[in-house]
Amino acid sequence: MKQSASFTCSACGASHRKWAGKCDACGGWNTIVEEAPLSTGPRALGARGRTIPLSDLATEEAPPPRASSGIDELDRVLGGGLVPASAILVGGDPGIGKSTLLLQAAASFARRGLKCLYISGEEASAQVRMRAQRLGLSDAPVGLGAETNLRDILTTLDAERPALAVIDSIQTMWLDQVEAAPGSVSQVRAAAHELVTFAKRRGVAVVLVGHVTKEGQIAGPRVVEHMVDTVLYFEGERGHQFRILRAVKNRFGPADEIGVFEMTGGGLAQVPNPSALFLANRDQPAPGSAVFAGIEGTRPVLTEIQALVAPSTLASPRRTVVGLDGGRVSTILAVLEARCGIPFTGLDVFLNVAGGLRVSEPAADLAVAGALLSAREDVAIPPEMVLFGEISLSGALRPVGQTENRLKEASKLGFSQATLPSQSKIEGGAGMQIRAMPNLIAFVGEMFGAG
Ligand code: TYD
Ligand code: MG
């Protein structure tokens, strides 16, 4: 039977029968690429397989101990340390600091007695050694290799049997039995498959580094996300020193957990108290600023939401949003207009989360509305106040989870007032002065006069 070639979207991994300019599954343009056909040898479809052994669900074995890296921000994102024999993907824009983070992590694990290999397919050994020197890691017992041929790498891993192997990056790896260029979907997928299978079978934890590109030209690590146990994204705004390591998938811990780092001249430094950092250099009480008491993963994080509202000269005024969901902001603007009679027509709106954090919680709605109104009315929100709560389309305020944790964090950082939805579950209130609001109209009336 002749196997015809198939086509795969390099952005979402959907398969297609024929090439097309646009992927139906994800809507991406020019992301569909041809895949090498499946093998048609004696092991091809139709050959009879062996029966696999089956077992009970019950287990007497204790869960394998996790290895701590000694870098708390990393351990937390991993769900409490590194799980043996797990496969982890670390994705992020080129230049964001993935190699730096993983070299530091490998060195830290190695210093704690774990056997670690760092295989670079992007940089020569000398370059990695220079970086290690700059980071003060030269003495860490990490086995360093510079190689892109996966067959050789797997043979080496099999001989060395490390506890952890870092593969930097998956896009540079190639298997000689796959006839496609390194970085193509077929190669990336095949290489990741080999490494993940190896991790499970031989008990080696592997970390795959993957570059994310806006255009699907080189295969993004999206196809790899399904294969691994844990997917971490390393993010940060250009021009900001802060880097956020975010778990977007974790079979061994909570997703949405974040670790905060700062890129310094000597590598990545941990930021154990991100709230203090995101609120540092806060301008004097100014219109357009609202402090949001948020939750990232299991940890409360306070951030400042900044708005600027100015008369527009454009037919359709600007809506520039950084660090928040643009659709959500449009909804809040519409609710303010429809339910409170406060229009933003003819006004340019700029919104920004200070410090470069990305906030995706609906709980930020009230702080966003507060910042917008404060900017529009030119009235500053009291600097000792935090806000949180979800805004529904009716203009009602909906309570959000972890009220007490948010209040505690705010209190710890010296805030004394909180504006929140009136149905929130408050136990104690952490000594904060609470302003409970049933809806947006009440909020506008109380904070900014009748509106
Ligand atoms: P890198 O880890 O090479 O990024 P990636 O692997 O994600 O492509 O980091 C590159 C950037 O980090 C580079 O622009 C320089 C900066 N950097 C520092 O600011 N301090 C340091 O100590 C190091 C090693 C890098
Ligand atoms: Mg790199």
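Start by selecting Leu114, a residue that is partly exposed, with a relative accessible area of 22%. Keep in mind as you look around that this is a predicted model.

**Stop 1: around Leu114**

Leu114 sits in the loop between α2 (98-111) and β5 (116-120). Now show its surroundings. Leaving aside neighbours within four places in sequence, Leu114 is in contact with Ala67, Leu82, Phe109 and Ala163. How far is Leu114 from Glu194 in space, C-alpha to C-alpha? The distance is 23 Å, and the two are 80 residues apart in sequence.

**Stop 2: the chain by domains**

Zoom out and colour the chain by its domain assignment, which gives domain 1 (6-38), domain 2 (72-271) and domain 3 (277-448). If you mark the C-alpha centres of domain 1 and domain 3, you will find them 41 Å apart.

**Stop 3: an open sheet**

Select strands β1, β2 and β3. These 3 strands form an open sheet in the order β2-β1-β3, with antiparallel pairing. Which strands stand at the edges? They are β2 (15-16) and β3 (32-35); each has a single partner strand, so one side of each is left without a neighbour in the sheet. Now bring in helix α5 (residues 185-202), which packs on this sheet and touches β1 and β3. The direction of α5 makes about 65° with that of β3.

Look next at the pairing of β1 (residues 6-9) with β2, which is antiparallel and runs over 2 bridges. To see one position in it, pick Thr8: standing opposite is Ser15 in β2.

**Stop 4: a buried strand**

Move on to strand β4 (residues 87-92). Is this strand enclosed or open to the outside? Buried here means under 20% relative accessible area. In β4, 6 of the 6 residues are buried, so the strand is largely enclosed by the rest of the structure.

Show the side chains, too. In a regular strand they alternate between the two faces of the sheet. In β4, Ala87, Leu89 and Gly91 point one way, while Ile88, Val90 and Gly92 point the other way.

Strand β8 (residues 205-211) runs parallel to β4 and is joined to it by 6 bridges. Look for Gly91, which stands opposite Gly210 in β8. Strand β9 (residues 230-235) also runs parallel to β4, with 4 bridges joining them. Here Ile88 has Thr230 of β9 as its bridge partner.

**Stop 5: a charged residue inside**

Select Glu409, which you will find in helix α10 (residues 403-412). Is Glu409 buried or exposed? With a relative accessibility of 7%, Glu409 counts as buried. Not counting residues up to four places away in sequence, Glu409 touches Asn273, Ser275, Pro300 and Leu302.

**Stop 6**

Finish with helix α8 (residues 326-340) and helix α11 (residues 440-448). They pack at an angle of about 85°, with their axes 10 Å apart. The two helices are therefore roughly perpendicular to each other. To display their contact, select Val335, Leu336, Arg339 and Cys340 of α8, together with Leu440, Ile441 and Val444 of α11. What kinds of residues make the contact of α8 with α11? There are 6 nonpolar residues, no polar ones and 1 charged.

How values were computed. Residues are numbered from 1 along each chain as its sequence is written. Chains are lettered from A and ligands numbered from 1 in the order in which they are written. This is a predicted model: local features need pLDDT of at least 70, side-chain atom pairs count only at pLDDT 80 or more; totals for chains, interfaces and linings use all residues. Side-chain values use heavy atoms; hydrogens and water are left out. Axes are lines fitted to C-alpha atoms, for helices over the stretch in contact, and angles run from 0 to 180 degrees between N-to-C directions. Angles under 35 degrees count as roughly parallel, over 145 as roughly antiparallel, 65 to 115 as roughly perpendicular and the rest as oblique. Contact means heavy atoms within 4.5 Å. Ala, Val, Leu, Ile, Met, Phe, Trp, Tyr, Cys and Pro count as nonpolar, Asp, Glu, Lys and Arg as charged, and the others, Gly among them, as polar. Buried means under 20% relative accessible area, exposed over 50%, partly exposed in between (1.4 Å probe, protein chains only). Two strands pair if DSSP finds at least two bridges between them. Domain bounds come from an automatic or database domain assignment.
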